[in-house]
Amino acid sequence: MNLLRITIVAGILLTAFALSSCAPQEPTDLTEAAIIPLPASMTATGGTFVLSESTEIFLASEDQDLQKVGAYLQDLLAPATGFELPVQKETGNSGIILELDDQLAAEAYSLKIEDDQILIRGGSAAGVFYGAQTLRQLMPDAIESASVQPGPWTVATGSISDQPAYEYRGAMLDVSRHFFGVEDVKRYIDFLAAYKMNYFHLHLTDDQGWRIEIKSWPRLTEHGGSTEVGGGKGGFFTQDQYQDIVQYAADRFITVVPEIDMPGHTNAALASYPSLNCDGKERDLYTGIEVGFSTLCVDKEITYQFVDDVMRELAAITPGPYIHVGGDESHSTEKEDYLTFINRAKEIVESHSKTMVGWDETAQADLAVGSVVQLWANPDFATLAIDKGARLIMSPADRAYMDMQYDSTSRIGLHWAAYIEVPDGYKWDPAEVIEGIEKQHIIGIEAPLWTETVENMNDIEYLVFPRLPGYAEIAWTAREKRTWDEYKYRLADHASRMEAMDIGYYKEPVVPWPADSAFAE
Ligand code: TNX
């Protein structure tokens, strides 16, 4: 061979190598993508869309909320791709097009992916946002990375149409037992958003700490927020910080449900204002984990002045429809007093134009038709609630409590309700928990994270992942489409996605994780 021929052969080989390394590494069969929650229907057309530096995002309407989705998608895709992806306020015929479609239900979306175009249509901007979350999971796992990755950024072509089974898809964070700051809370909200959850319940007060500034009762946070379980320094949100959280959630189509737990679980308030105690004596701050020992003084008028002030200030900074008044485990409140209190609390919440939510014990009070009761422990209270015309959020503690240990060796967590391995957390349905309670009585499900044993973000990630995606799927995907035996492979496929998100998840033994998933505990 002469030199020229060697050069040509080498050139051809190099070109072939370069082409093959650019070729899509992800499957081009869209129906093989591991999407959680599982969409209602998916069809593949076998081609590939490649996101590139020159891809643009087009907004096919002037809707304000659609602009939010455009900005969100731009921010979401930028860190890993390094692409700017300009958002154009006009429609286009290539790139990513976001469109509203009034033929679709509000939260429904459709996704049509062709070689040169991705069209996301939603019944509302929220629907488009959910379509964007599905698109995110159709992209290579590296899209979750915080630093620029090589790509290629391929998406299998085909179409998806999808909509949620339940209107309330939530998770809770207890910031009272241990305090978590704004940045941690935002990361938690991002977890919810990634799985199409739309309610974030923030448990703001309990015996161990009062975490929301109330301007007319400043000692609640100054004193009542100054510690936490174990005696750490505690903390609280100013009203500005709370509003920042609410806005961050709203930008992800998530509604914040704030909870002020009453009349029990109130030691932090009773320690801050002696007048709230029947004996007028200030209580000590509490840093243990017992429950059921505290109560507001139901006979004193100042108690209702207090509740009214708190609810007025909270309602003013809470755009969502709900305020949660707790009402659980009031073991130190006489039954009659409890009913008197909840009935008045309900009136106060309504006077500030909000709908009351309460834990299942509140079903014993005079509920208004359309109020909301959150089942956690007692099925009889859930039945009572629907008899009174209320609707239910299902959070059965032995299935949905993310603070429960996986098994007896879990490094943190409680186990009073159950050990909840990942399959136990997944294999249930809200409409099958209680005899006689059906889908029409239920607005959705919520997975709470109580934080008696949870001290930092690592602890949160360990208990929340990988259970949270399963709760999201229970709330979103139709009952008949869900089986653990199929879900477990999709969940396993999310290992490298969670790793790219830097989530320290629990490596549940019965999930068929890929051999190289190294990140888990
Ligand atoms: C019960 S659930 C509680 C909480 C605890 C939780 C711990 C509920 C309404 N009350 O106060 O933090 O158990 O799992």
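## Helix packing and aromatic contacts

Helix 8 (residues 301-316) and helix 9 (residues 335-351) have axes that come within 10 Å and cross at roughly 35°. Here axes are lines fitted to C-alpha atoms, for helices over the stretch in contact, with angles running from 0 to 180 degrees between N-to-C directions; helices (H or I, at least four residues) and strands (E, at least two) are DSSP runs, numbered from the N terminus. On the helix 8 side, Glu301, Thr303, Tyr304, Val307, Asp308 and Met311 meet Thr340, Phe341, Arg344, Ile348, Val349 and Ser351 of helix 9, where contact means heavy atoms within 4.5 Å.

A word on the model: it is predicted, so local features need pLDDT of at least 70 and side-chain atom pairs count only at pLDDT 80 or more, while totals for chains, interfaces and linings use all residues. Residues are numbered from 1 along each chain as its sequence is written, and side-chain values use heavy atoms, with hydrogens and water left out.

Now to helix 13. Seven of its eight residues are buried, so helix 13 is largely enclosed by the rest of the structure. Buried means under 20% relative accessible area, exposed over 50%, and partly exposed in between (1.4 Å probe, protein chains only). The buried ones are Met457, Asp459, Ile460, Glu461, Tyr462, Leu463 and Val464, and they pack against strand 8 (168-174), helix 4 (182-194), strand 17 and helix 14 (468-476).

On to the rings. The whole structure has 27 aromatic pairs; rings of Phe, Tyr and Trp (its six-membered ring) pair if their centres lie within 6.5 Å, with planes under 30 degrees apart counted as stacked, over 60 as edge-to-face and the rest as tilted. Two of the pairs are set out here.

| Pair | Centre to centre | Plane angle | Type |
|---|---|---|---|
| Tyrosine 401 and tryptophan 450 | 6.2 Å | 50° | tilted |
| Tyrosine 462 and tyrosine 506 | 5.8 Å | 80° | edge-to-face |

Tyrosine 462 lies in helix 13 and tyrosine 506 in the segment after helix 16 (495-500), so this pair ties together parts that are 44 residues apart in sequence. Both tyrosine 462 and tyrosine 506 are buried, and tyrosine 401 and tryptophan 450 are buried too.
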